[in-house]
Amino acid sequence: MIEKHEMALKNRAEEMSIGTYEKISALMEAKVYFTGMKDGEYEFESASDKWVEIFKAAGAPENIEDLLTFEEFQELVVEWCGSKGELKPMAEQIEVNGKVYKASPLWQQGKIPYQDGKLIEKYARQNPKKYVGEMMAVIFKDEDLTKSEHEANAHIKHKANIFRKELTADYATPYLLMVGKKILQAGIKEAEETAKEVEQNEAETSN
Amino acid sequence: MKLKLPTNWDEITAGQYAELRQVDPANFSEHLDYRLERLAILADLSPEEVESTFETYNDVLKLTRQIDWTLKRPKGKFTNQIEDFTLKPFTALTLGEFIDLEYFTSDDYYQNAGKIAAILYRKSKVGEWGEKITEPYKAVDINERSEFFEDQPISVFQGVIEKYLKYRDEFLKKWSALFEDDNEDENEPEETPKTIDEHEAERKEKAVKKWSWEALIYKICQGDLTRFEAVTDLSLIFVFNMEAMKQELGVKE
């Protein structure tokens, strides 16, 4: 937490909810206008605009621009980015609103269970900017439910929204690291390469 | 259960290859289902049976990488002899065989690879005088025979289809004049108001082009459909030579 200029800015995973984390992550990836870009290719006219929105998501007041000089603003950006938190070990279970949810032991072995991976890939592809809630909902299961009840889209979405509000992002970050590498990079990238290969093959056959 | 997957084209049948080619990633909402479908075809199992062998997500990626090579086309190999069947020289094709091959090669020909092979590979024997006699085309049940070829490795005859298509393109290029409209005026402007008669003539011309093979046979039969079979049994080269001669000499029907 950065407490300065009458503001308290969350900047570590353990300080923010999963919902806030998703919002900030999406803002961090948003494109800033650069010469030559067309409408629709960027979300922000300037880097300052982008960082104002990030700080608001992190807890800054609406009138943050009135509270700081430009130099103070720049220093705040550097300080916010420079903070390093510790990666929490993967939780084997979590308790939310009095209910216990458990993850498959395969995760602790560094492996992604097939059914979990399948569902996470689906939600990540559906909404690459907002899937951490769903990811956690897939990983942490209510053991009173059957497999099909757990995998039902409505159940996953409902649980995801609860986790977004009630869980801090430090529970998600160790899982995100593994998912990012094994599913997003390996799985989705492979899907894009396959699609290109198939397209090329079709072109060769029709020639 | 460990999945048994092919490691080269000799281990994939023509039928499996045709199925693989029909699997389009664009038709799957989940890429994982696309991967499952391809694995299922190659392992000769249902997607559910394949899925039941996975413990981790990485199992899918590992197996998918193992079959990545099947995204490419098989190399153009073929043999002249497949069990009792010998490759018929293209120059010996009859008109009927050629017309059927035109039909089966008109779209994604791998879907009809078995039928194409059934036409090109036939049984043969040595005649009384030492001459080679090929099984008559009308004696072949194409659907039944194609099942045999669909069970053969695609590598055994895939190359012959490509070779045939090259031969076919060169052949038609050589005889393209037979399919051109003699009355076509190249200088006629494209956009001129048409009378009802001109519309009718254009409609008939399109109909003739649509039915060009049937029109050719009808012409050779001189309208006598009882001669249809005999005409389709004629050598393709002979038929085209005769038609070209008639056209050049201005022989009227």
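**Entry 1: the contact between the chains**

I began with charge pairing across the two chains and found two salt bridges between chain A and chain B, taking a salt bridge as a side-chain nitrogen of Lys or Arg within 4 Å of a carboxyl oxygen of Asp or Glu. In one salt bridge the side chain of A:K118 meets that of B:E51, at 2.5 Å from N to O. I also noted six residue pairs in polar contact between chain A and chain B, both residues at pLDDT 80 or more; a polar contact is a pair of N or O atoms within 3.5 Å, where within protein one must be able to donate a hydrogen and the other to accept it, and residues adjacent in sequence count only if both atoms are side-chain atoms.

On the side of chain A that touches chain B, α6 (114–126) and α10 (173–206) of chain A each supply at least two residues, and α10(A) gives the most, with 14 residues. I sorted the residues of this side into nine nonpolar, six polar and 10 charged.

For the extent of the contact (heavy atoms within 4.5 Å), I listed 25 residues from chain A and 22 residues from chain B. Chain A and chain B bury about 2100 Å² between them, 54% of it on carbon and sulfur atoms; buried area is the accessible area (1.4 Å probe) that two parts lose on being put together, summed over both.

**Entry 2: basis of the values**

I keep in mind that this is a predicted model, in which local features need pLDDT of at least 70 and side-chain atom pairs count only at pLDDT 80 or more, while totals for chains, interfaces and linings use all residues. Residues are numbered from 1 along each chain as its sequence is written, chains are lettered from A and ligands numbered from 1 in the order in which they are written, and side-chain values use heavy atoms, with hydrogens and water left out.

I counted 10 helices and four strands in chain A, where helices (H or I, at least four residues) and strands (E, at least two) are DSSP runs numbered from the N terminus. Read along the sequence, the pattern is β-β-α-α-α-α-β-β-α-α-α-α-α-α.

Over all chains the structure holds 24 salt bridges, and I looked up the one in which the side chains of A:D116 and A:K141 meet at 2.8 Å, N to O. A:D116 lies in helix α6 of chain A and A:K141 in the loop between α7 (132–139) and α8 (147–151), so the pair ties together parts that are 25 residues apart in sequence.

Definitions and conventions: Nonpolar A, V, L, I, M, F, W, Y, C, P; charged D, E, K, R; others polar.
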